[in-house]
Amino acid sequence: MKKILLLALFICSILLLSCGESGQKKHKSPKISPPDEFSVVFYNCENFFDTIDNSNQNDDAYVPASKTKWNSKKYNKKVRNISRVIRAINDYNFPALVGLSEIENQNVLTDLIHSESLAGAGYQIVYHENNSPRHADVALLIDPKRIKVVSSHGILVDESENAQREILYTKVVVMNTDTLHVFVNHWKSRNGEVKKTEAKRMPFATLLRKEVDSLFSKNANANILIMGDLNDEPNNKTISDVLNAGPIVNNLQVKTLYNLFYQAFDSGQGTVFHKKWFLFDQMIVSSNLLLPKENHLHFKSGSAKIFSKKWMLNNTTQGNIPYGTFDNEKYTGGFSDHLPVTIVLKMKR
């Protein structure tokens, strides 16, 4: 009897061990981020406003008494939604650079980086509040473990007194090796046909080109990264002629800008939908970032993508389009009316 009991206990212990081992196999080991590369993201967050009524700002549409009935519950969901998208972009690790637009103030950025999805990144906020009544600003989140901020300032675009916007410039050092000049943009909206509103975006393109030329005059091999919602497409005059950023070609020229999303545009892809798809959100780089043989920091070929998951989309009669937070002034509870764009930068070792 004792022998039978001991045999039964032995068999049970073997079964328990095997179950434990099989259970462990079900949990995948976390992926390890490649040490020589990191993701860069730009995301138009679609009216990322808190619930506080500020008398100095035109934020009446985003307070509890407004038509949107904007309240803490809706705002907290917005924080969760935006952070979920950013976290989902890279399977390996948090993106190291995240450009954002339509940001009301520092408070929403603080809530975002401390959200459950992004708290582990330890992001540093780069933000300069401007004097625009609407306060739909741009910002940059930086992973300080991989990227160090050298300097930053807002570049005021000389518009009318009631419609000022800034381009955010930040100079960083990547992985203690190479300098990178980052410009985060949100150009004026079309609000109609492109030709009728083009003049509103010309000052952005002109001023940005002036800043780029200033960097090239000091260093022909400057690493420059331009990101943003430009409210124009790659072939529009503001980008192709004034900013002078074209598609990537075989014979790269120094002191030249190249649009990493020209190929996506040519293939009919878009980041925002208004009766049809438009590719307004883009990333543009200087030629030096496309020359890995001569440069430490460089663009990873083929990594330029419009990021989209099923849960970020709304199934409509016009197809799957970005699931926004609002439909005009009606609250819908989605993520954003724009899709984010992303690239990967690598360090040559």
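Me: Is Asn-231 buried or exposed?

Reply: Asn-231 counts as buried, because its relative accessibility is 7%. Buried means under 20% relative accessible area, exposed over 50%, and partly exposed in between, with a 1.4 Å probe and protein chains only. Before going on: this is a predicted model, where local features need pLDDT of at least 70, side-chain atom pairs count only at pLDDT 80 or more, and totals for chains, interfaces and linings use all residues. Residues are numbered from 1 along each chain as its sequence is written, and side-chain values use heavy atoms, with hydrogens and water left out.

Me: Where is Asn-231 found?

Reply: In the loop between strand E8 (224-229) and helix H5 (237-242). Helices (H or I, at least four residues) and strands (E, at least two) are DSSP runs, numbered from the N terminus.

Me: What is the phi of Asn-231?

Reply: Positive, about 55°, although Asn-231 is not a glycine. Most residues other than glycine have a negative phi.

Me: Which other residue has a positive phi although it is not a glycine?

Reply: Asn-244 is one, with a phi of about 60°. Asn-244 sits in the loop between H5 and strand E9 (245-246). Asn-244 has a relative accessible area of 44%, so it is partly exposed.

Me: Back to Asn-231. Which tryptophan touches it?

Reply: Trp-187 does; its contacts, leaving aside residues up to four places away in sequence, include Asn-231, Asp-229, Leu-230, Thr-238, Ile-239 and Leu-243. Contact means heavy atoms within 4.5 Å. Trp-187 is in the loop between strand E7 (178-186) and H4. Trp-187 counts as buried because its relative accessibility is 0%.

Me: How far apart are the C-alpha atoms of Trp-187 and Asp-229?

Reply: 6.4 Å, with the two residues 42 apart along the chain.

Me: And which H4 residues are buried?

Reply: Among them are Arg-201, Phe-204, Ala-205 and Leu-208.

Me: What span does H4 have?

Reply: H4 (residues 194-218) has 25 residues and reaches 35 Å from its first C-alpha to its last, close to the 36 Å expected at 1.5 Å a residue. The expected span is 1.5 Å times one less than the number of residues.

Me: Where is the kink in H4?

Reply: At Lys-200, shortly before the proline Pro-203, and it is about 45°. The bend at a residue is the angle between axes fitted to the seven residues ending there and the seven starting there.

Me: New topic. At what angle do H2 and H3 pack?

Reply: About 60°, with the axes of H2 (residues 72-88) and H3 (residues 106-113) 9 Å apart. That makes H2 oblique to H3. Angles under 35 degrees count as roughly parallel, over 145 as roughly antiparallel, 65 to 115 as roughly perpendicular and the rest as oblique. Axes are lines fitted to C-alpha atoms, for helices over the stretch in contact, and angles run from 0 to 180 degrees between N-to-C directions.

Me: Which residues meet there?

Reply: Tyr-75, Val-79, Ile-82, Ser-83 and Ile-86 from H2 meet Asn-107, Val-108, Asp-111 and Leu-112 from H3.

Me: What does Ala-88 touch?

Reply: Phe-307 and Trp-311, not counting residues up to four places away in sequence. Ala-88 is in H2, and at 24% relative accessibility it counts as partly exposed.

Me: Last one: how many helices and strands does the protein have?

Reply: Six helices and 20 strands. Buried residues make up 50% of its 349 residues.
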